Amino acid sequence: MIKKEYLYSIIGGSTFILALFLYAYLTEAFVLYIPSYGNYLSIDEKAGKITKKNILLYFWDGHAMHHEREDIMWSHNLIDNINHVIQQQLLLFYEEKITSDKISLQTALLSPSGQDLYLSFNKTFFDKEGSIHHKLMMIESILKTLRAIFPPSIQVHFLVNHQPLPDVHLDFSQPWPL
């Protein structure tokens, strides 16, 4: 039979290790990834779900609205499609020197009703010295790109770090209709 001192030390030690493990997990010292069924699809099943789609990306260069054709990976998941389109458009903004910094889309969420689209960026894509017209045309280029692909009943909320996009000229507390 095990002595009480050994039993207490085993229970205390295992509790300490469990608490240490839980603390490390909650502070994101490591990530626990539990694979789901979707990760075990065969190559044929994945190929049937993802296709290549040619879309128009619109951008404002300061003088006129232009468009460029791009091939995007297209799936049955609407959020993935929005994410790919917006990321490609932000890359186009950077390549065409419309934005001075690389901007990325942190999150794209669709409300349960399917009426509201939330786009959260890592930083604002407006210059502080930019005119209201230039800002409106940048927003219009994103909306025009989305309008050509998705249903017009969606309203778009522009966010920076999950907060309404800060701007002194334009009100981003309200959604923008497609």
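**A helix and its surroundings**

Helix α3 (residues 78–95) has 18 residues and spans 26 Å from its first C-alpha to its last, close to the 26 Å expected at 1.5 Å a residue (1.5 Å times one less than the number of residues). Helices (H or I, at least four residues) and strands (E, at least two) are DSSP runs, numbered from the N terminus. This is a predicted model, in which local features need pLDDT of at least 70 and side-chain atom pairs count only at pLDDT 80 or more, while totals for chains, interfaces and linings use all residues. Residues are numbered from 1 along each chain as its sequence is written, and side-chain values use heavy atoms, with hydrogens and water left out.

Within α3, the buried residues are Asn-81, Ile-82, Val-85, Ile-86, Gln-89, Leu-90, Leu-92 and Phe-93 (buried means under 20% relative accessible area, exposed over 50%, partly exposed in between, with a 1.4 Å probe and protein chains only). They lie on the same side of α3, because they cover an arc of only 160° around the axis, taken from the directions from the helix axis to the C-beta atoms. Their packing partners are β1 (51–60), β2 (65–74), β3 (105–110), β4 (116–121) and α4 (132–147), with contact meaning heavy atoms within 4.5 Å.

Now for the wider view. The protein has four helices and seven strands, in the order α-α-β-β-α-β-β-α-β-β-β from the N terminus on. Of its 178 residues, 32% count as buried.

Finally, look at helix α1 (residues 4–26), where Phe-16 is found. Phe-16 counts as exposed because its relative accessibility is 56%.
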